[in-house]
Amino acid sequence: MLGEIYVINYLAIISILSLVFLLMLKYINSPKNNDSIDREKRDFLLDEISKLQEMNCRLSGRINQLENEVVELKRLSESQKHKISLEQNRRNELNEIPFSQSMNYRQFIQNNHEVVKLINDGCSNEDISQKLNKSICEIEMIRRFIK
């Protein structure tokens, strides 16, 4: 997409230069005695040149905006790659735990899944103990273990 915009930008510059070149040729080839070049054509060409210059300015602004967006997308991409690498490292750490410990951890989480869910939801120890009719000490122990 950026390549297309650069091509459009260059085409606009080439168009402006060719119009200026045509105006210069017309002026050079016209007789010196005749000072009045067809005013309508000259005004038309000047209007076209000003329109092309405005379009060139808009295209330059759009190119700058797209370049900024590309920089932002690169930054977001790097951020996502960092998050993915952190997640992969965490998974690798879990995979390094011996199977017996991993199995015990899974069983513990399965047996206390209601407590773990409420902890992850952000409930306090007192709320969890009231909802599940468990002691606060048991809730605190589970909370420490899963962290």
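This is a short chat about a predicted model.

Visitor: Where is Arg-143 found?
Guide: Arg-143 sits in helix 6, which covers residues 136-146.

Visitor: What does Arg-143 touch, then?
Guide: Setting aside residues up to four places away in sequence, Arg-143 touches Ile-119, Cys-123, Ser-124, Asn-125 and Ile-128.

Visitor: New topic. Which residues make up the largest nonpolar core?
Guide: There are nine: Phe-108, Val-115, Val-116, Leu-118, Ile-119, Cys-123, Ile-128, Ile-139 and Ile-142.

Visitor: Which helix gives the largest share?
Guide: Helix 4 does, with four residues of this core.

Visitor: Take Val-115. What is it in contact with?
Guide: Apart from neighbours within four places in sequence, Val-115 is in contact with Ile-128, Leu-132, Lys-134, Ile-139 and Ile-142.

Visitor: Now cysteines. Why does Cys-123 count as buried?
Guide: Cys-123 counts as buried because its relative accessibility is 17%, and the cut-off for buried is under 20%.

Visitor: And Cys-137, buried or exposed?
Guide: Cys-137 counts as exposed because its relative accessibility is 60%.

Visitor: How many disulfides does the structure hold?
Guide: Zero disulfides.

Visitor: What is a disulfide, anyway?
Guide: A covalent bond between the sulfur atoms of two cysteines.

Notes:
Residues numbered from 1 in each chain as written. Predicted model: local features only at pLDDT ≥ 70, side-chain atom pairs only at ≥ 80, totals over all residues. Heavy atoms only, no water. Helix = DSSP H or I, 4+ residues; strand = E, 2+ residues; numbered from the N terminus. Contact = heavy atoms within 4.5 Å. Core = buried A, V, L, I, M, F, W, Y, C linked by side-chain atoms within 4.5 Å. Buried < 20%, exposed > 50% of the residue type's maximum accessible area, 1.4 Å probe, protein only. Disulfide = S-S within 2.5 Å.
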